[in-house]
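This report describes one protein model for a reader who has not seen it before. It goes from the overall make-up to single residues.

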Amino acid sequence: MSYGNQPGGYGQPPGGGGYGSQGGYGSSGGYGPPPGGGYDAYGGYGAPPPRGNNGMAIAALIMGIAGLFVCGLTSIVGVVLGHVSLGQIKRTGEEGRGMAIAGLVLSYFGIACWLAVLAWLIAVGAIVGSASLTGA
């Protein structure tokens with residue numbers, strides 16, 4: 001059985017053949033070269049470059065987290081860095097405002113917790129000290 005010219009088959013296309021007979025990609029069809037101008041392919045128009053996070057805001061967040069575990073000493077640094085970074089973010093338009101605020105909240109919370117612990121220790125020390133002085 002031959003697959004050549006069978007009755008009812010499609011046969012050859014009416015333009016004279018397969019893919020090679022048409023112009024292909026390199027043909028000078030109906031489209032010309034792209035127009036010049038508009039934008040430069042290497043750094044013209046397009047999306048603006050992403051703004052980076054403020055480094056001090058990241059440091060404030062880290063110091064605030066660490067201050068919860070290290071007796072609040074790094075929380076003081078976190079408060080300072082948080083306030084400075086908020087000023088920089090407002091002035092320069094950098095990202096990181098949420099991190100700066102989170103660093104401030106954690107830092108103030110760390111300072112407040114450790115001050116409460118210190119006040120409790122002083123109160124317990126005063127109670128124990130006064131009890132030992134009275135001879136009880």
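The accessible surface of the protein is about 10600 Å², and 67% of that belongs to carbon and sulfur atoms. Such areas come from the Shrake-Rupley method with a 1.4 Å probe, and for residues only the protein chains shown count as cover. The model is predicted: local features need pLDDT of at least 70, side-chain atom pairs count only at pLDDT 80 or more, and totals for chains, interfaces and linings use all residues. Residues are numbered from 1 along each chain as its sequence is written, and side-chain values use heavy atoms, with hydrogens and water left out.

The protein has 3 helices and 0 strands, in the order α-α-α from the N terminus. Helices (H or I, at least four residues) and strands (E, at least two) are DSSP runs, numbered from the N terminus. Of the 136 residues, 15% count as buried. Buried means under 20% relative accessible area, exposed over 50%, and partly exposed in between (1.4 Å probe, protein chains only). Among contacts (heavy atoms within 4.5 Å) between residues at least 6 apart in sequence, 66% join residues at least 24 apart.

By the rule used here, there is 1 salt bridge, which joins the side chains of E95 and R51 at 2.8 Å, N to O. E95 is in the loop between α2 (73-92) and α3, and R51 in the segment before α1 (55-67), so the pair ties together parts that are 44 residues apart in sequence. A salt bridge is a side-chain nitrogen of Lys or Arg within 4 Å of a carboxyl oxygen of Asp or Glu.

| Residue | Relative accessible area | Class |
|---|---|---|
| E95 | 34% | partly exposed |
| R51 | 55% | exposed |
| W120 | 56% | exposed |
| S130 | 38% | partly exposed |

W120 sits in helix α3 (residues 97-133). Together with V117, L121, V124 and V128, W120 forms a nonpolar surface patch of about 470 Å² accessible area. Patches are made of residues with over 30% relative accessible area and no salt bridge; like charges are joined within 9 Å, and nonpolar side chains (Val, Leu, Ile, Met, Phe, Trp, Tyr) within 5 Å.

S130 is also in helix α3, and the S130 side chain reaches the backbone oxygen of I127 at 3.0 Å.

C71, in the loop between α1 and α2, has a positive phi near 55° although C71 is not a glycine. Most residues other than glycine have a negative phi.

Conventions. Polar contact = N/O pair within 3.5 Å; in protein donor to acceptor, adjacent residues only side chain to side chain.
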